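Hello,

Here is the structure I said I would pass on. Please open it first, then read the notes below it.

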Amino acid sequence: MPLEDLSYNFLTGNVEKLVQWARKASVWPATFGLACCAIEMMASGAADFDLARFGMEVFRASPRQSDLMIVAGRVSQKMAPVLRQVYDQMMEPKWVISMGVCASTGGMFNNYAIVQGVDQIVPVDVYAPGCPPGPETLMHAILTLHHQIQTGEILRRRAVGERGTTLRMVGEPATTKMLGGAEDLV
Amino acid sequence: MGILSGLGGFKVTLKQIGEPRVTRQYPEEKRPKPPRFHGRHVLNRYPDGMEKCIGCELCAGVCPARCIYVRGADNDPDAPVSPGERFGFVYEINYLRCIHCDLCVEACPTEAITESKMFEFSFTNREDAIYTKAELVVDDEGHPRRMPFEDWQDEDEEDTSGWVRATAPSGDPHFEGVVGWSGELGHGIRLPERGQSEISEDEMAATFRLREVLADRISRKIGGKVW
């Protein structure tokens, strides 16, 4: 029975906070280090910016033992079903950080070979911009995720169309307009 | 063989107890960034409040990741936004495409777009990453606007991009090859082009002398060359 079904009282409220703290304090990442961002992820795990301070030093190779998938690098069309398979093998609760611009939107590789955003395949919780995001930016993303876990806003299973499960376009996105005034032709 | 010989391997491990720690405690302790570090962009303004962007779209044209979207519009003669004929009416940068190459900073003829040193930010959805002009342009004190999902340090506004620029303003050949400091983020020290403003020549010259004083102060501090 999930915790959110219990009516909130003093005892279960504190238990919930304890569980959220425990989940946040020991997030085990599954590396999905695909490209250059993987180097920065390794740098975050190394001694200078230590991820072990957050309980994340064990990068589990097996998805069944990990909580967080850091998609670090560009996802090609060939790699996309593999990514989904690894994500499906992770057990709940699981989170995804899309590290770098290539994983978030396809980055500067706006072509037929690269998936334009890993949120077309898996639901993403935090996007870290940068090419590559330095260890500081990756840690900022991780701390954002920790805050979300601690406050419980991430505990609910995502409904379809919510927070990156499908890409929502509100209004008319400016980036699809063609430069040079050719939008009249579209 | 024996127990004690097996303990020799721990000598290296135990010696590390006395070694100095190299770990930076990240959120509490941040390392200083070198000058001209590539971070988040800002759209600058002149000290009199006019925007520097003239809507020429050179930055969008040079961007290799196609992350900038610019549309220019004609300046209203009664209320010009920028000195000159056009201004940047729509200006958006998608930070989930930007690779922070700073080619846009090099291409800008008026030094309207420069990069601050702030790069610690993250988003929870893709719409937050598209920064519009309202978020990029500096406020009335010349400071960049800080969003809640960004982590600004005060030093992120200092010693930002001073560049050898690809285009010289007004085609003046003396500017080429000279690294110039733009008087820091936000407010520049260059006399704006005389557009539709009604300030007389003498008033402009008077204010320019004031800016020269500021420029002098800057060059003493950094040792940069000021035109």
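**Salt bridges in the model**

A:Asp88 and A:Arg84 sit four residues apart in helix 3 (residues 80-89) of chain A, which is about one turn of the helix. Please keep in mind that this is a predicted model. The two residues form a salt bridge, with 3.1 Å between the closest N and O atoms. A:Asp88 is partly exposed, because its relative accessibility of 45% lies between the limits of 20% and 50%. A:Arg84 also counts as partly exposed, at 32%.

Side chains of opposite charge can pair when their charged atoms come close. In the whole structure, over all chains, the search finds 13 salt bridges. Two others are described here.

One is between B:Arg31 and A:Glu136, at 3.3 Å from N to O. B:Arg31 lies in the loop between helix 2 (10-15) and strand 1 (41-43) of chain B, while A:Glu136 belongs to helix 5 (residues 135-151) of chain A, so this pair joins two chains. B:Arg31 is partly exposed, at 31% relative accessible area, whereas A:Glu136 is buried, at 4%.

The other links B:Lys30 and B:Glu120, at 3.6 Å from N to O. B:Lys30 is partly exposed, with 26% relative accessibility, but B:Glu120 is buried, with 1%. Through shared partners, salt bridges join B:Lys30, B:Lys33, B:Glu120 and B:Asp151 into one network.

Regards

Conventions:
Residues numbered from 1 in each chain as written. Chains lettered and ligands numbered in written order. Predicted model: local features only at pLDDT ≥ 70, side-chain atom pairs only at ≥ 80, totals over all residues. Heavy atoms only, no water. Salt bridge = Lys/Arg side-chain N within 4 Å of Asp/Glu carboxyl O. Buried < 20%, exposed > 50% of the residue type's maximum accessible area, 1.4 Å probe, protein only.
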